[in-house]
Amino acid sequence: MRLAVVALAAISSGAAVALSFPSTDLGPLAWVALVPLLLALRGASPGLALVAGGLFGVVSGFGIYGWVFALPHFGTLHFAVLALYTSLYPACWCVGVALLSARREPGTTILVAPALWVALDLLRSHAGFLALPWATLGQSQHADVAVLQVAALGGEAAVTFLVVMANVAIASLLVDRRARGARPALAAVVAAHVGGWIVLALPEVGPTLKVAAVQPAIVLAERDSAAGRAAVWERLEALTREAAVAAEPPALIVWPETAVGDPRHDAALAGRLGALSVSVGVPIVVGAAETEKFAAAASNGVSTVERDAWNSAYLVAGGAIVGEPYRKRVLMPFGEYLPLRGTLDWSWLGVPDVADGQAGDAEAAFEIARASAEPIRIATTICWESEFAALTRRSVAGGARLMVQLTNDAWFGATAAAAQHNLASVMRAVENRVPLVLASNTGPSQVIDAHGRVVARVEGHGRPGVASTAVPIGAAGGTWFTRTGDTFSFACIALAVVGFGRAIRRRAPARLFLPIPFAKEAI
């Protein structure tokens, strides 16, 4: 009976977490989504908690990552491996919570449980080719702009901490209305919102800059023929001119990832880009397809991609390419390269070989001129890179006051993938107090201000359009998070280690190492 109750609670919490993200996007649900799971973990053995966390992870993972089936060659076996991997993190968290609850000290649990979640999130973000910082609980609050403001202090992790802490506090109050620490924890959540509202109410200071994101809605099949490529160019050109002929032309126009081919080795393309930049009189950041995601290698198993195959962004202004391109530094595993090639044989999983692209090793140094003012430094990320906060943070610390994010999520069709992907860009803007221009091939393209508000967007999936508006540029130097990085997360690791260590010392060895859930309380 106990096992069935715990399983039902894990499924309920997993479904609620999944519903907190696009496409349903019920963000407020995240504040209570973990409550059923937390109640079920009271008095549970570590073995039972491990099973509960694994089931929670599989259910939430299926709801969040269901779009992966749209990828070429992706099947049920691959999803099973993905679900198994992603469920490891909540499973470890549930074991930790079970150990903490055994100490019967709610005040400690209310702080240590969210700290442990943040610590596991940090591990998930730095796990080599297994790194997957997608759809964190903090990102579920993208529409709750007030609470997002704590990210300027502690990063995305600070928002996640508050969400988990609120869940633990509510679960504690449901068990005991006098639970120590529960009310102060909820008061801290309220205070974070109040502080955020105050920040949002403050008047904007400093110069503004008008920017535009072009969404061409390039269909993948259009790249396969000369007529298709010509149609793509005509669409890009028309949308760029539409953005430029506004009553107040933008100071920068951004095209999405892989919008065109390789202007370094295609003189005709470079000439057309230069001529367009002169015609519209606006600098253009252009995504160049010097390598292809999910492109299969040759049938003999030897990659046909040349050594200079990059996923790049170019700045085109005044009739020419300006400076060096930005080359994507964090490539997508299994899409842009095959991890551990030559060491692991992935064929047993039915993983197709892919042509390895090359990773860049430097930040973009794009700058756009302003009349009677210093040039504005622009930092660039491409697609998958938006998930990794350190890239944007280092760029802003280096002087960037505007971010551009180039994305092509056409591979995922009309699924929730693109909307989920955009959540990370909202977090990057708030963390560093810089506006962000997100140009997405099939959408939604957005302009995000320095407080995480989406101030312009192209509505609808797969529709050509332009998102354009003026935004205040970020202050030089960024925020506390920009300067200190993952300090908050490291503090959470320390708190989790101390709390977890104390829980282990207080736990009887026979119960601690019970490997399966069939303890007396599970029957």
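S395 touches R329, E363, A379 and A400, leaving out residues up to four places away in sequence; contact here means heavy atoms within 4.5 Å. S395 sits in helix α12, which covers residues 389-397. Helices (H or I, at least four residues) and strands (E, at least two) are DSSP runs, numbered from the N terminus. The side chain of S395 also reaches the backbone oxygen of L391 at 3.1 Å. A polar contact is a pair of N or O atoms within 3.5 Å; within protein, one must be able to donate a hydrogen and the other to accept it, and residues adjacent in sequence count only if both atoms are side-chain atoms. With a relative accessible area of 4%, S395 is buried, where buried means under 20% relative accessible area, exposed over 50%, and partly exposed in between (1.4 Å probe, protein chains only).

The model is predicted: local features need pLDDT of at least 70, side-chain atom pairs count only at pLDDT 80 or more, and totals for chains, interfaces and linings use all residues. Residues are numbered from 1 along each chain as its sequence is written, and side-chain values use heavy atoms, with hydrogens and water left out.

V455 belongs to strand β12 (residues 454-457). V455 has a relative accessible area of 38% and is therefore partly exposed. Apart from neighbours within four places in sequence, V455 is in contact with V447, D449, T469 and V471. Between V455 and T469 the C-alpha to C-alpha distance is 7.3 Å, at a sequence separation of 14 residues.

Two cis peptide bonds are described next. One joins P22 and S23, with omega about 25°; S23 is placed in the loop between α1 (2-19) and α2 (35-41). Another runs from G443 to P444, with omega near -5°, and P444 is in the loop between β10 (436-440) and β11 (446-448).

Positive phi angles also occur at non-glycine residues. A135 has a phi of about 55° although it is not a glycine. A135 lies in the loop between α5 (106-125) and α6 (145-148), and is buried because its relative accessible area is 11%. R433, likewise not a glycine, has a positive phi of about 55°. R433 is in the loop between α13 (417-432) and β10, and at 19% relative accessibility R433 counts as buried.

For the chain as a whole, 16 helices and 13 strands are assigned. The C-alpha trace spans about 75 × 60 × 35 Å along its principal axes. The radius of gyration of the protein chain is 24 Å, which agrees with the value near 24 Å for a compact globule of 523 residues; this radius is taken over C-alpha atoms, and the globule rule is 2.2 Å times the number of residues to the power 0.38. Of the 523 residues, 56% count as buried. Among contacts between residues at least 6 apart in sequence, 73% join residues at least 24 apart.

The protein chain exposes about 21,100 Å², of which carbon and sulfur atoms supply 64%. Accessible areas come from the Shrake-Rupley method with a 1.4 Å probe; for residues, only the protein chains shown count as cover. There are 39 positive and 37 negative side chains, and the centres of the two sets lie 14 Å apart. Lys and Arg count as positive and Asp and Glu as negative, while His and the chain ends are not counted; the place of a charge is taken as NZ of Lys, CZ of Arg, CG of Asp or CD of Glu.
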